[in-house]
Amino acid sequence: MFKNVSVTLEKVRKEKPVVHHITNWVTIYDCANVVKVFGASPVMAHAKEEVAEMAGIASALVLNIGTLTSEMVDSMKIAAAAANKKGIPVVFDVCGAGATKFRDEKCFEILDSVKVNVIKGNSSEVARIAGENVRTKGVDAVSVDKDLVSIAKSLAEDRKCTVVITGKQDIVTNGSKVYIVKNGHDMMAKIVGTGCMAASVIGAFCAVEKDHASASARGLACYEIAAELAVAGSKGPGSFKEILFDAIYNLDGTTADKMASISISE
Amino acid sequence: MFKNVSVTLEKVRKEKPVVHHITNWVTIYDCANVVKVFGASPVMAHAKEEVAEMAGIASALVLNIGTLTSEMVDSMKIAAAAANKKGIPVVFDVCGAGATKFRDEKCFEILDSVKVNVIKGNSSEVARIAGENVRTKGVDAVSVDKDLVSIAKSLAEDRKCTVVITGKQDIVTNGSKVYIVKNGHDMMAKIVGTGCMAASVIGAFCAVEKDHASASARGLACYEIAAELAVAGSKGPGSFKEILFDAIYNLDGTTADKMASISISE
Amino acid sequence: MFKNVSVTLEKVRKEKPVVHHITNWVTIYDCANVVKVFGASPVMAHAKEEVAEMAGIASALVLNIGTLTSEMVDSMKIAAAAANKKGIPVVFDVCGAGATKFRDEKCFEILDSVKVNVIKGNSSEVARIAGENVRTKGVDAVSVDKDLVSIAKSLAEDRKCTVVITGKQDIVTNGSKVYIVKNGHDMMAKIVGTGCMAASVIGAFCAVEKDHASASARGLACYEIAAELAVAGSKGPGSFKEILFDAIYNLDGTTADKMASISISE
């Protein structure tokens with residue numbers, strides 16, 4: 001078991017990395033805010049004229065195609081190229097991949113033209129990016145027949161990156177090591193925004209730790225531990241989400257290490 | 001009195017219809033989330049390249065012109081044409097109609113070029129669409145001198161659709177039957193988003209019930225009953241809105257049927 | 001000490017001014033909602049075809065470049081020209097000024113082509129607009145070496161407007177009078193949106209009071225007093241923000257006058 005998650009949590013809080021997002025219009029507030037309550041500094045900017053310079057003052061770049069347009073994808077590529085040049089991690093949430101041909105094409109366009117360090121999505125989104133013939137039901141996952149760990153590992157090897165599949169148990173792999181994060185709560189799936197926020201958390205954690213697979217696993221564990229704590233104090237998905245921000249802000253490192261449930265295999 | 005609202009509520013929860021939105025940037029999260037806590041599956045997508053395909057995997061399409069641009073309206077028309085072809089309901093929230101000439105023109109452009117199944121707005125918005133000479137004060141309703149039921153009926157007949165006027169009492173009509181939904185609470189008007197969410201709820205309910213007038217009335221009743229329950233537990237509009245999501249998620253069918261207050265006339 | 005803040009608060013509640021915003025996609029909901037819970041009427045519209053007409057039915061215009069594009073800035077200039085013509089106040093939140101060259105250029109383009117009545121930002125944003133050589137860290141303030149009151153006064157004189165620098169203590173000046181607003185709480189800096197909302201509050205207060213410096217000081221004090229009250233009932237930044245909306249809505253004029261902490265110097 002891999003327990004020491006607070007080491008990266010404390011680094012995020014101390015270094016307060018700027019996390020530049022080009023993301024969707026639905027959960028843009030949540031993405032910014034989750035980074036903020038973790039103690040880091042979000043910035044959202046998508047004009048093609050400034051994204052390279054903004055990525056240049058950031059410590060991580062998070063891309064999310066939830067409400068993509070061609071122009072937004074162009075900005076994403078410019079920002080990611082600047083991030084690549086600077087050597088900061090690029091996290092790509094392939095939100096809705098598998099729902100339309102346009103999304104699939106734009107995902108591959110991004111993946112083929114810039115270096116992405118972490119690909120993140122739910123089971124059917126990531127399966128689609130890995131070449132499987134699945135159709136995502138909008139932005140909600142559909143069940144995938146194949147073994148998800150194998151899909152993730154093979155995609156990580158192909159793209160030479162870290163792959164994260166979120167779900168009841170999250171799979172995080174760099175192609176060799178596989179982390180299974182078992183924290184979290186079903187309530188996270190009952191509200192809009194928890195998936196997008198996961199990518200932002202991964203961005204903040206990868207900003208301060210070079211091993212992106214362990215950083216992603218630690219970030220997800222901290223986030224989901226806070227969710228477990230928040231559910232206890234909530235009466236439904238509405239109050240849950242507000243209390244989640246409180247719980248992240250108040251998350252104590254010792255508690256996080258104690259509650260972390262991550263298994264590793266090679 | 002029309003009491004049986006839970007039959008459609010339970011269908012929404014069981015069938016989990018995908019509700020595709022092209023909506024405004026202010027309340028886009030709320031629109032997605034209200035659909036989610038009702039147990040359905042929201043998807044927001046507005047790129048002209050994908051809206052037809054996205055509507056094609058959906059069971060309802062919700063359009064809202066709150067922060068319209070010409071490009072967004074073009075996407076709305078493409079999506080609505082695809083929805084028409086597939087035979088899924090199109091709900092149109094004429095948000096801010098009557099505030100500017102541009103909004104009025106774009107509303108009529110949409111209504112004249114595609115089939116809209118439910119037109120929804122507040123009193124002055126709908127009156128404007130029905131051809132009355134009223135000026136909306138931004139997005140807040142101004143009082144309308146004429147009889148609203150007559151305006152709604154005549155618009156429903158003209159456009160061969162269901163018309164919903166939200167307010168202290170909601171008017172829902174298909175031109176012959178008129179439902180008056182008396183649920184809800186003044187607090188709903190004290191916070192941004194409740195009007196937009198009403199259209200999304202109507203979308204989710206019309207996705208699973210072919211009679212759009214009764215589906216709209218049932219959806220509004222369930223939503224507003226949850227609001228009544230939420231007000232009891234809240235201390236102001238901020239806490240009200242979070243608790244509203246809890247109350248929708250926790251809404252029990254028997255309670256809904258007991259609290260529903262809908263009158264019908266022909 | 002300047003205590004009488006409720007006089008403007010009550011005017012906002014009574015006159016319910018329409019506050020037109022062209023703002024960013026991150027906090028657009030918060031900006032609309034803070035205006036709403038203060039009792040005024042927000043409207044968000046950015047299409048170049050309608051912004052002049054929308055500003056024409058408004059009593060104040062709030063511009064925020066948090067997620068600017070060239071097109072948005074064009075709409076801002078059209079709206080501001082209409083606001084100037086009508087004689088309603090224009091509040092400009094120079095969000096992220098100093099972060100990229102593009103933002104700086106667009107800020108000056110706006111300031112040089114239309115009349116802005118209130119320039120608002122954090123210390124490094126306003127310092128940058130005043131010509132200082134500072135680099136904003138995304139949208140979070142960096143420390144500025146020079147005396148902020150002098151910077152604000154000199155900018156107010158140069159641009160013949162009111163300048164607001166938000167922070168632990170807010171500086172408000174029209175170039176001669178200087179108001180220091182000492183209300184508020186550190187928790188406001190722990191959550192996304194409080195800075196943007198401050199500009200919206202200023203817009204609502206300036207809509208009903210011609211002396212923009214005192215209106216801004218009063219608006220900030222009311223808003224920050226509500227924040228002080230909200231912190232007492234909250235368990236972290238998530239619950240704080242919801243309770244803040246409750247506290248604004250429930251803010252009693254007598255309490256506001258009692259708690260107001262504003263010093264004035266000439």
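Start by selecting residues 237-250 of chain B, which form helix α10. Helices here are DSSP runs of H or I with at least four residues, strands are runs of E with at least two, and both are numbered from the N terminus. Helix α10 of chain B has 14 residues, so at 1.5 Å a residue it should span 20 Å, and its end C-alpha atoms are 19 Å apart, which agrees. (The expected span is 1.5 Å times one less than the number of residues.)

Buried means 20 or more other C-beta atoms within 10 Å of a residue's own, exposed means 12 or fewer, and partly exposed is in between, with C-beta atoms placed from the backbone.

A quick note before moving on: this is a predicted model, where local features need pLDDT of at least 70, side-chain atom pairs count only at pLDDT 80 or more, and totals for chains, interfaces and linings use all residues. Residues are numbered from 1 along each chain as its sequence is written, while chains are lettered from A and ligands numbered from 1 in the order in which they are written.

Now colour chain A on its own. You'll find 11 helices and 9 strands there. Its radius of gyration, taken over C-alpha atoms, is 17 Å, close to the 18 Å that the globule rule gives for 266 residues, so chain A is as compact as a globular protein of that length. (That rule is 2.2 Å times the number of residues to the power 0.38.) Of the 266 residues of chain A, 68% count as buried.

Next, bring in chain C. Here 27 residues of chain A are in contact with 26 residues of chain C, contact meaning C-beta atoms, placed from the backbone, within 7 Å. Which element gives the largest share of chain A's side? It's α10(A), with 7 residues.

Conventions: Contact = placed C-beta atoms within 7 Å.
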